[in-house]
Amino acid sequence: MTQYFAGVDIGSTMTKVVIMNKGIIAFNIGPTGPEQRRLANKVMEKALKESDLPFEAITYVVATGYGRINVPFADKQITEISCHAKGVANFFPEAKTIIEVGGQDCKGIKINNGKPVDFVMNDKCAAGTGRFLEIIADALGIKIEEMGKIGLQGKNPAKISNICTVFAEQEVVARLSEGVSLHNLVAGIHESLANRISRMVNRLHVVEEVVVTGGGAKNVGLVKALSDKLGYALAVPPEPLLTGAIGAALLGKDIADKALHDGVSLETKERSLKEIKIF
Amino acid sequence: MAEEQKKEERKRRRHATEAAGKIGPMVKATIGGTVKAREEGKSIAYAFIVCSYDEIIRAMDIVPVWTENYAGICGAKRDATRFLEKAESLNFSRSLCTYALCGLGFDQWREDLDEMPPDAPWGGQAKPDFMLSSGQILCDPRNKWYQAVQQYMPDVPIYNVGLPWPLYEDDIKIAEVEDYYIKYIVEELRGLIKFLERQTGRKMDWDRLSELVDLGERTWSLIWETYELRRAVPAPMGTGDAMNTMVPMVFMLGTQEGYDFFLELNKELKDKIARKEGVVKDEKYRLLWGGGLPSWFALSDFNYFNSKGAVFPVETTYRMIEPIYRLNIPDTNDPIERLAWRWIRYWTYWYDKARKRPGSEPDVERLIQYIEDYQIDGIVMHEAFSCRTWHLGLIWQLNQLKKIYKPIPVLILGSNRQKKDEKRELPSLILESDIVDISSYSEVDTRNRIDAFIETLEQTKKNKV
């Protein structure tokens, strides 16, 4: 019988779902927002519709991300540290260090054979996260998706001295009015972010192969700045937003395989999709 | 119709030992005791822990008000914010030591009202007759806090005790410089006694002081022997409880009550070991609390660790003792000299060991010893943002430990896909928050980190050869 595994990654900014068999059968990415945290069922429904599978066909569901406790139909909740480790190793078996630049946090993970052995997190300050880029993009009147290419054209990155996102925004606007080019400003922003991230990640003693994932990995300018700062080439998965959800699904497969190997029954939740009741 | 909101209920923190459970009422009685002492006209001193003057003040029947302790109580009861805000309104920076900020805010408020602030935790702390500070060579707040609070109590004098110790340097032989430090500290403590005699109008009872110093030393040895029982598997007591049992260690040194507490705890732990009763039923991971004052408002995080099968058999925080026999204190009948030797020998105890291991230093050596003695699987440290004294250097210690100490054998896939043996460092976790300021704390983030750390520990155990 064909087995399918689902990974649900409810991040602070984006919610991602994948359904996997030997590869990805279907996936869905959408903004988390205040409602999505209790509407994980809707995201799952969309992915199931795309895969043309009934929910009963899913062998195992693993939820991850900050919102993982709001996925009542998940058979297990696993932190994004383990899920990203597994997901990245799926694409890069030689990976030893992962840098995940998320919407509201940033992580460094050391891995061995796809398993995490150490990690650092920055979850107290927006200055090392995707939120920093969103705020700056807004201040500059550009789309966040365009920042990477714009920044790559900056040959003299502006020095942004403030480490606080709010004050950095003020500084950027001031520099713009002084005549600093948009390309150099954005390049400077990428450098500033890369500095913050590398300071945190260097606590892990970075070892190659280094993989960047999360939404920040889609920004080619940031990836280049980070690579320059760390002194390593950085690999990026095909869809960096999905590595957590992919890892979650693959960990679900591992759990199912182990149950089969051990001859024990696989404990799963009822295959029904309901929204979580918060009050 | 408006939805009904659930009232936030704080679960009571669970203790593994009955002894730890008794500390709350003990502390409450002590704090209330200071207010009563004030009413009875007894001599009251603001004091800091670990300043080598515990037995001195006890011998002179001075009632100590442990101001750091009171700030910790306010933090634990999640009622420190108003005192921190009061201090901020007085233009003290929020980045300062939050023990000091809490104390400054409280004292100014009390003096302003000429009575305790409204609903002061456990009745509030009494105004002192004098203040005994000591920053030693570590802590600026412990030098400056009482000077700052003197603005609001100008009639309350301060004595600042100088208590240095030789720094760890590769090329300095401690034996060659110790005598200078001892001479200095003896002078400082004698000066303190003269100050106290003037303030109280009473003379020091030297025989009593000798008895209390002897009691203090016996207490140190008893505490060490008691805590060493936690080497047992399963561990009968964890760091969560130790954050309570530190009270008699550092707030009641030189009292029979303090000594008797540890006699009782010793017996309780032996009984638990005999019954193989651990902190948790299924002990999966043994962790070292490798540094950092705890978040007093979030001690239930230890219970969260426990819920994952993780226990803390040992900690460096507030384990401020060594057994006296190890300190090789020279023979002397002078109780002041004994106090000075105990001080110097405590702070330099790990120096010789550290010199024997390249790249090590005393705090790192202590971590290694505890890892080996207590069969530790991972290390947790807490970075409290407002306390540079105890927390600056923790990350360096962890980095240094990872460089020089790799005890875990694992198999890894090399670049040619061949399996090879390697030794790894212990997994570690750094929590970030504060000691008293709850605005620095996010339970969601903290527990997310703990969850990820537990998964890391699990993988490390699975990969262990």
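Two residues are in contact if their C-beta atoms, placed from the backbone, lie within 7 Å. By that criterion, among contacts in chain B of this predicted model between residues at least 6 apart in sequence, 76% join residues at least 24 apart.

**Chain B as a whole**
- The secondary structure of chain B consists of 19 helices and ten strands, and its radius of gyration of 23 Å is close to the 23 Å that the globule rule gives for 465 residues, so chain B is as compact as a globular protein of that length.

**Helix 8 of chain B**
- Helix 8 of chain B covers residues 174-200, and at 1.5 Å a residue its 27 residues should span 39 Å, which agrees with the 37 Å that separates its end C-alpha atoms.
- The buried residues in this helix are B:Tyr181, B:Ile185, B:Glu188, B:Leu189, B:Leu192, B:Ile193 and B:Leu196.
- An α-helix has 3.6 residues a turn, so residues three or four places apart point the same way.
- The cover over the buried residues of helix 8 includes helix 3 (54-59), strand 4 (158-160) and helix 14 (335-347), which also belong to chain B.
- Just after helix 8 of chain B comes B:Gly201, whose phi is positive, at about 75°.

**Domains of chain A**
- Chain A is divided into domain 1, made of the segments 4-82 and 242-262, and domain 2, which runs over 93-236; the C-alpha centres of these two domains of chain A lie 27 Å apart.
- Seven residues from domain 1 of chain A and eleven residues from domain 2 of chain A take part in the contact between them, and on the domain 1 side these residues divide into two nonpolar, five polar and no charged.

**Interface between chains A and B**
- Across the interface, 17 residues of chain A are in contact with 20 residues of chain B.
- On the side of chain A that touches chain B, the elements that give two or more residues are helix 3 (80-91) and strand 8 (115-122) of chain A, and strand 8 gives the most, with six residues.
- By residue class, that side of chain A divides into eight nonpolar, four polar and five charged residues.

How values were computed: Residues are numbered from 1 along each chain as its sequence is written. Chains are lettered from A and ligands numbered from 1 in the order in which they are written. This is a predicted model: local features need pLDDT of at least 70, side-chain atom pairs count only at pLDDT 80 or more; totals for chains, interfaces and linings use all residues. Helices (H or I, at least four residues) and strands (E, at least two) are DSSP runs, numbered from the N terminus. Ala, Val, Leu, Ile, Met, Phe, Trp, Tyr, Cys and Pro count as nonpolar, Asp, Glu, Lys and Arg as charged, and the others, Gly among them, as polar. Domain bounds come from an automatic or database domain assignment. The radius of gyration is taken over C-alpha atoms; the globule rule is 2.2 Å times the number of residues to the power 0.38. The expected span of a helix is 1.5 Å times one less than its number of residues. A residue is buried if 20 or more other C-beta atoms lie within 10 Å of its own, exposed if 12 or fewer, and partly exposed in between; C-beta atoms are placed from the backbone.
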